[in-house]
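Open the model in a viewer and keep the selection panel at hand.

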Amino acid sequence: MADAAMPEKKLKNTLPLYGNKESMNLNSMILTNIQSSPYFKEDLYEYKTFHEVVDQIYYKVEHLEPWEKNSRKLAGQVGMCAGVRGVAAGGIVSTPYCLLYKLFTLK
């Protein structure tokens, strides 16, 4: 009985993860674009530690949006497809989102 009442042992320097452990609860279009991005596949591949990725955040991040500025075509979209939520029409996925997902993959 005592084992059932024992809380799980927490690991140091680990944040709890809620939701999907594979997709980080990202929209599927954003996730697909991150995973196929040359920046994510080639440039970020070499970084293996949290501190290396944080350095990249410091030097590379200028804005925090899912898509790079002016990389999405929204002409002709109306209603729910008008890009109001930011994911209706894909573009070039932003550097910050690639870095965020890289941090997630380090676990």
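The stops below are given in order of selection.

This is a predicted model, in which local features need pLDDT of at least 70 and side-chain atom pairs count only at pLDDT 80 or more, while totals for chains, interfaces and linings use all residues. Residues are numbered from 1 along each chain as its sequence is written, and side-chain values use heavy atoms, with hydrogens and water left out.

Select the whole protein chain, coloured by secondary structure. There are five helices and zero strands (DSSP runs, H or I of at least four residues for helices and E of at least two for strands, numbered from the N terminus). Buried residues (under 20% relative accessible area, 1.4 Å probe, protein chains only) make up 30% of the 107 residues. The accessible surface (Shrake-Rupley method, 1.4 Å probe) is about 8500 Å², with 56% belonging to carbon and sulfur atoms.

Next, select H2 (28-36) and H5 (residues 95-106). Their axes, lines fitted to C-alpha atoms over the stretch in contact, come within 10 Å and cross at roughly 85°. H2 is therefore roughly perpendicular to H5 (65 to 115 degrees). Show side chains: Ile30, Leu31, Ile34 and Gln35 in H2 meet Tyr97, Cys98 and Tyr101 in H5, with contact meaning heavy atoms within 4.5 Å.

Finally, select Ser37, in the loop between H2 and helix H3 (38-43). Is Ser37 buried or exposed? Ser37 counts as buried because its relative accessibility is 9%. Leaving aside neighbours within four places in sequence, Ser37 is in contact with Val93 and Cys98.

Terms used
Buried < 20%, exposed > 50% of the residue type's maximum accessible area, 1.4 Å probe, protein only. Axes fitted to C-alpha atoms, helices over the stretch in contact; angles between N-to-C directions. Parallel < 35°, antiparallel > 145°, perpendicular 65-115°, else oblique.
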